[in-house]
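This report covers one protein model. It starts at a single loop residue and then moves out to the helix, the pocket and the overall fold.

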Amino acid sequence: ALSFGATSSARAESPAPQQEELTRAQKRKVRKQLEAIQDSVDYAQAVQALNDRNFILAADQLVFKRGQSAFVSSSTNFISMHDDKTVVQVAPFNGGGPNGVGGVTVEGRASDIKLKTDKRGNTYFTMNVLGNGISAMVAISMAKGSNRASVTVNPNFNSNRITLNGI
């Protein structure tokens with residue numbers, strides 16, 4: 001008869017191998033590798049969300065038409081899409097504004113949706129959004145290996161282009 005208990009207790013009593021202390025450089029290398037893996041997973045999930053047409057891109061920075069930029073709250077500056085329903089909310093100011101939080105919120109339906117990845121692995125998602133208060137071309141670009149994106153909203157009736165940067 002085999003005795004599993006004896007084998008287990010023999011292992012428990014044997015001394016554990018000593019782990020060598022990692023140098024700072026080795027720790028940094030391991031940390032960088034783990035970050036690269038996590039970034040790759042985040043990128044894959046972001047591309048899948050674009051493909052599924054079900055995402056929220058929360059912006060932490062706005063870049064205006066003439067290049068001025070402002071860091072903003074990601075809870076009040078976003079673009080969301082569920083199926084073809086799209087919401088664009090931009091609130092560069094604190095308080096006030098047509099939407100009550102210092103900016104503009106517009107809803108519309110997306111059409112002409114295109115998703116492509118170039119030979120370098122960068123992903124581009126474009127769509128036209130049409131609804132009450134909005135008629136714009138929205139272009140999302142995401143660098144390979146990162147879920148950080150840049151969204152440019154180009155209105156069709158004026159030249160007040162705005163870019164949202166975020167996750």
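## A loop residue and its contacts

Asn156 touches Ser135, Ala136 and Met137, leaving aside residues up to four places away in sequence. Contact here means heavy atoms within 4.5 Å. Asn156 sits in the loop between β8 (149-155) and β9 (162-166). Helices (H or I, at least four residues) and strands (E, at least two) are DSSP runs, numbered from the N terminus. At 47% relative accessibility, Asn156 is partly exposed. The classes are buried (under 20% relative accessible area), exposed (over 50%) and partly exposed in between, with a 1.4 Å probe and protein chains only. Asn128 is 28 residues from Asn156 in sequence, and their C-alpha atoms are 9.5 Å apart.

The model is predicted: local features need pLDDT of at least 70, side-chain atom pairs count only at pLDDT 80 or more, and totals for chains, interfaces and linings use all residues. Residues are numbered from 1 along each chain as its sequence is written, and side-chain values use heavy atoms, with hydrogens and water left out.

## Overall fold

Two helices and nine strands make up the element list. From the N terminus, the order is α-α-β-β-β-β-β-β-β-β-β. Of the 167 residues, 29% are buried. Among contacts with a separation of 6 or more, 36% join residues 24 or more positions apart.

The protein exposes about 11200 Å², and carbon and sulfur atoms supply 52% of that area. Accessible areas come from the Shrake-Rupley method with a 1.4 Å probe; for residues, only the protein chains shown count as cover.

## Helix α2

The buried residues of α2 are Asp42, Tyr43, Ala46, Ala49 and Leu50. Their cover includes β1, β5 (104-117), β6 (123-131) and β7.

## The second largest pocket

This pocket holds about 190 Å³ of space. It has 13 lining residues; closest to its centre are Ala46, Ala49, Phe55, Ile56 and Ile167. A pocket is found on a 1 Å grid over the protein atoms alone, as an open set of points where a 1.4 Å probe fits, with protein on both sides within 12 Å along at least five of seven lines; lining residues have an atom within 4 Å of a point. Points are joined across faces, edges and corners, and the volume is the space filled by probe spheres set on them.

α2 (24-52), β1 (54-63) and β7 (134-142) each supply at least two lining residues. The lining divides into ten nonpolar, three polar and no charged residues. Nonpolar covers Ala, Val, Leu, Ile, Met, Phe, Trp, Tyr, Cys and Pro; charged covers Asp, Glu, Lys and Arg; the others, Gly among them, are polar.

## Backbone and loop details

Which residue takes a positive phi just after α2? Arg53 does, at about 60°, although it is not a glycine. Arg53 lies in the loop between α2 and β1. Its relative accessible area is 35%, so Arg53 is partly exposed. Asp112, also not a glycine, has a positive phi of about 50°. Asp112 belongs to strand β5. It is exposed, at 52% relative accessible area.

Gly133 falls in the loop between β6 and β7. With 73% relative accessibility, Gly133 counts as exposed. Gly133 and Glu107 are 26 residues apart along the chain, with 7.6 Å between their C-alpha atoms.
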